[in-house]
2 protein chains.
Amino acid sequence: MPRSLAVIGGGVIGLSVAHRAATDGWAVRVHRTAQPGASWVAGGMLAPHSEGWPGEERLLAIGLESLRLWHDRFLGELPPDVVTARQSLVVAVDHADAADLKTVGTWLTAQGHPVTPTASARDVEPLLAQGIRHGFIAETELAVDNRAVVAALTAACERLGVRWAEPVQTLTEVADSDTVLIANGIDAPALWPGLPVRPVKGEVLRLRWRRGCLAPPRRVIRARVRGRQVYVVPRADGVVVGATQYEHGRDTTPTVSGVRDLLDDACTVIPALGEYEFSEAAAGLRPMTPDNLPIVGRLDERTLVAAGHGRSGFLLAPWTAETIAAELEGASVT
Amino acid sequence: MPRSLAVIGGGVIGLSVAHRAATDGWAVRVHRTAQPGASWVAGGMLAPHSEGWPGEERLLAIGLESLRLWHDRFLGELPPDVVTARQSLVVAVDHADAADLKTVGTWLTAQGHPVTPTASARDVEPLLAQGIRHGFIAETELAVDNRAVVAALTAACERLGVRWAEPVQTLTEVADSDTVLIANGIDAPALWPGLPVRPVKGEVLRLRWRRGCLAPPRRVIRARVRGRQVYVVPRADGVVVGATQYEHGRDTTPTVSGVRDLLDDACTVIPALGEYEFSEAAAGLRPMTPDNLPIVGRLDERTLVAAGHGRSGFLLAPWTAETIAAELEGASVT
C-alpha cells in the first residue's frame with residue numbers, strides 16, 4: 001500500500017509537488033480552496049535573469065536550476081500552448097534606469113551568467129516606444145499562461161489519481177496522512193505558527209488584443225520606467241501587465257493608483273497597448289519571506305513545507321517539486 | 001377605454017415618458033431589451049451650465065428648463081437618495097483651460113444665467129490638487145445615481161400599471177397601439193430610417209471609496225485638464241469618472257488609453273482618488289445628433305420620437321416627458 005501525502009494548498013506549488021509525488025507512487029490528497037490565490041493572478045514569467053539583483057545570489061541559483069528543469073522536463077508534462085514567450089527583453093527608459101540595468105548585467109556576468117546587452121532595443125522589438133534603446137536579452141527565459149498551467153497541472157494530477165479535499169484549519173485535520181506538505185502560501189503561518197511568510201500585494205492587469213491593433217510582443221518585455229518596474233507578458237489573447245508591490249495586509253482590492261501606474265508605464269514602453277481592450281484589473285497576495293527565498297524542506301518528522309515563493313512561484317515550482325520529492329524519498333526509505 | 005401608447009426603449013427617456021403618459025391616463029406598454037444601454041453607463045449629471053458652450057443656446061435653454069422641472073416636480077416622484085450632489089464646481093488646470101472656462105462663463109452671463117466664479121477653488125473643495133484655483137460654481141446643478149433613477153422609474157411605472165414587452169425590430173410589431181414613441185436611442189434609425197442619430201462611444205469608470213480614504217467630494221467636480229475634460233460625480237459608495245468621447249461605431253469595449261486618460265485626469269484633479277478601489281470600467285454609446293439637440297416630437301399621425309439626447313439624457317428626461325405629453329394631449333383631444 002502506498003504511503004499517503006496530504007498537500008495543503010492547490011496553487012502551482014502544491015499542484016507541482018502533488019503531481020511529482022503521485023508520479024513517484026504516493027497516494028496524494030490536495031486540500032484546496034475555491035478562492036483564487038496568488039497563482040491565479042501571477043504573470044507567469046520564468047525569469048531568473050531579469051528578476052535578478054545583487055545580493056540575491058541564492059535566489060538566482062535556484063531560479064536558474066528551476067528554469068533548466070522547466071526546459072528539460074516540466075514543460076514536457078504540460079500542453080505546449082501554456083508557453084506564451086521564449087525570451088525576455090529588459091529595457092530602460094531613462095539614464096538612471098539604464099544604470100540599474102547595467103548593475104544587473106554586471107552582476108549576472110560576475111555570477112557566470114552573462115546576458116546579451118543591446119543598444120538598439122527597438123530593432124529587437126519594434127513595438128517599443130521611440131527613445132528606448134538600452135536593454136539586455138535573456139535568451140532562455142520563458143513565460144507561461146499561469147491559469148493554463150494550473151488547469152493543466154490539475155488535470156494531470158487527476159489522471160494520476162490525486163484526490164481533492166476541503167481546506168483545513170489545523171494540521172490535526174490531516175492526521176490520517178503519513179506525511180503532510182504545507183503549501184498554502186500566505187496561509188502557511190496559520191498552520192505552522194512562526195513561519196516567516198507575509199502577504200505582499202500586487203496589482204496585475206489583463207489587456208486584450210482587439211481587431212485592428214498591433215499584435216502583442218512575442219517576448220516578455222520588462223522595463224524600468226523612471227525608477228518603477230513594469231512587465232508586459234504575452235498571452236494568446238493579449239498581454240498581462242504587472243505588477244505593483246506593496247504591503248497592505250490581506251487587501252486584494254485593485255487601487256486606482258496601482259492601475260493608473262501600470263497603464264502609464266505599460267503605454268510608455270509599448271504605446272500600441274493604448275488601443276487594446278482594458279479587460280481585467282486584479283490584485284494578488286505574494287507569499288514573501290524576509291530574505292526573498294522560499295521556505296522548502298522539513299519541519300518535523302511528518303511535516304514538510306513549501307511556501308514563501310514570493311514573486312517566483314511559477315519559476316520555482318519544478319525545483320520545489322524536486323526538492324520535496326527528495327525529502328519524500330528519504331522519508332519513504334526509512 | 002384609455003388610448004394606448006407603445007414606448008420603444010426602456011432607458012431614462014422611454015421610462016420618463018411612459019411614467020408621465022401613464023399618469024395622464026394612457027395605457028402604456030414599454031418595449032425594452034435586457035442589454036444595458038446608455039442610461040446604465042451615464043454619469044447622471046444634470047448640468048446645463050457646466051456642459052454649456054457658445055453656439056449651443058438652444059441646448060442651454062431646454063437644459064435649464066428641464067433642470068427646473070427636475071427641481072420642481074420630477075424629483076418628487078423619486079426616492080430622495082437618487083440625488084448624490086446638489087452643486088457643480090467647474091475648474092481649470094492650466095492657463096488655456098482657465099481661458100476656456102472664462103469663455104463659458106462670459107457666454108452664460110450673456111445668456112442671462114451668470115455663474116459664480118471663484119479664484120480659490122480649493123477653499124470650496126479641499127480635495128482639489130494644489131495649484132487648481134480658477135473655477136466657477138453652478139449652484140443649482142444636480143447629480144443623480146443613474147442606475148437608481150432607472151430602477152425608481154421602472155418601479156413607479158409598474159405601480160401605474162405600465163406593462164413590459166420584448167424589443168421590436170419594426171413598427172409593424174406595435175401596430176396594435178394607438179400611438180407609438182420611438183425612444184430607443186442609437187437604435188432609433190433602425191425603426192425610422194433617416195433619423196440622424198449616431199453612436200458616440202464614451203468610457204466611464206466607477207471608483208469605490210475604501211476604509212481609510214478621504215470621503216468623495218460632495219459636489220460634482222468638472223475639470224478641464226490641459227485641454228481634456230473630466231468629471232467626478234459623487235455616488236453613495238464612491239464616484240463615477242467620465243467620460244471619453246469618440247466615434248467608434250457600436251464598439252463598447254473600454255480601451256486602455258481611455259481608462260488611462262480618465263485615471264490620469266481624475267487623479268490630477270483629486271489626488272485622493274488614487275487610494276480608492278478601481279471598481280469598474282465600462283463604455284456606453286451616446287445617441288448623438290448633428291446639432292447636439294435631441295429629436296423630440298411627431299413623425300407622423302401615430303408615431304412620435306424622443307431620441308438623440310447625446311450626453312444629456314438624464315438632464316432632458318423631464319423636459320422630454322413634458323414635450324411628448326403635450327403632443328399626446330393634442331392627439332387624445334383630436
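A salt bridge here is a side-chain nitrogen of Lys or Arg within 4 Å of a carboxyl oxygen of Asp or Glu. The structure shown is a predicted model.

**View 1. Salt bridges between chain B and chain A.** By that rule, the count between chain B and chain A is 2 salt bridges. One pairing across the two chains joins D251(B) to R210(A). Their side chains meet with N and O 2.6 Å apart, which is within the 4 Å limit. Over all chains the count comes to 46 salt bridges.

**View 2. The contact surface of chain B and chain A.** Chain B gives 22 residues to the contact, and chain A gives 22 residues. About 1,700 Å² is buried between the two chains. Carbon and sulfur atoms supply 64% of that area. On the chain B side, R210(B), V256(B) and F278(B) lose the most area to chain A. Together these three residues make up 34% of what the chain B side buries.

**View 3. Two domains of chain A.** The domain assignment divides chain A into domain 1 and domain 2. Domain 1 takes in residues 1–83, 145–197 and 291–334. Domain 2 takes in 88–139 and 198–288. Their C-alpha centres lie 26 Å apart. The contact draws 31 residues from domain 1 of chain A and 33 residues from domain 2 of chain A. Between them the domains bury about 2,700 Å². Of this area, 63% is on carbon and sulfur atoms. From the record, an unreviewed UniProt entry, comes the listing "domain: FAD dependent oxidoreductase" for residues 5–326 of chain A. Over residues 5–326, chain A is 30% helix and 28% strand.

**View 4. Salt bridges at the domain interface of chain A.** The interface of domain 1 of chain A and domain 2 of chain A holds 4 salt bridges. In a salt bridge of chain A, R222(A) pairs with E51(A). The closest N and O atoms of this pair are 3.1 Å apart. R222(A) sits in strand β12 (residues 220–225) of chain A. E51(A) sits in the loop between β3 (45–46) and α3 (57–72) of chain A. The pair links distant parts of the chain, 171 residues apart.

**View 5. The six-stranded sheet of chain B.** This open sheet has 6 strands in the order β9-β2-β1-β10-β17-β16 (chain B), with mixed pairing. β9 (163–165) and β16 (295–300) of chain B stand at the edges. Each has a single partner strand, so one side of each is left without a neighbour in the sheet. Neighbouring strands are turned by 20° against each other on average, direction ignored. β2 (residues 27–31) of chain B runs parallel to β9(B), and the two pair over 3 bridges. In this region, R29(B) stands opposite R163(B) of β9(B). Helix α1 (residues 12–23) of chain B packs on the sheet. The helix touches β1 (4–8), β2, β9, β10 (179–182) and β17 (303–307) of chain B. Its direction makes about 165° with that of β2(B).

**View 6. The eight-stranded sheet of chain B.** A further open sheet has 8 strands, ordered β6-β7-β5-β12-β13-β14-β11-β15 (chain B). Its pairing is mixed. The edge strands are β6 (116–118) and β15 (277–288) of chain B, and each pairs on one side only. The twist averages 20° from one strand to the next. β11 (residues 198–208) of chain B pairs with β15(B) in the antiparallel sense, over 11 bridges. Among the residues involved, P199(B) has P287(B) as its bridge partner in β15(B).

View 7. In chain A, the peptide bond from G242(A) to A243(A) is cis, with omega near -20°. A243(A) lies in the loop between β14 (238–242) and α8 (256–269) of chain A. In chain B, a cis peptide bond joins G242(B) and A243(B), with omega about -20°. A243(B) lies in the loop between β14 (238–242) and α8 (256–269) of chain B.

**View 8. A positive phi in a loop of chain A.** N292(A) has phi near 65°, a positive value in a residue other than glycine. N292(A) is found in the loop that runs between β15 (277–288) and β16 (295–300) of chain A.

How values were computed: Residues numbered from 1 in each chain as written. Chains lettered and ligands numbered in written order. Predicted model: local features only at pLDDT ≥ 70, side-chain atom pairs only at ≥ 80, totals over all residues. Heavy atoms only, no water. UniProt positions renumbered as here; feature names shortened; annotations may be inferred. Helix = DSSP H or I, 4+ residues; strand = E, 2+ residues; numbered from the N terminus. Pairing = 2+ DSSP bridges. Axes fitted to C-alpha atoms, helices over the stretch in contact; angles between N-to-C directions. Contact = heavy atoms within 4.5 Å. Domains from an automatic or database assignment. Buried area = accessible area lost by both parts, 1.4 Å probe.
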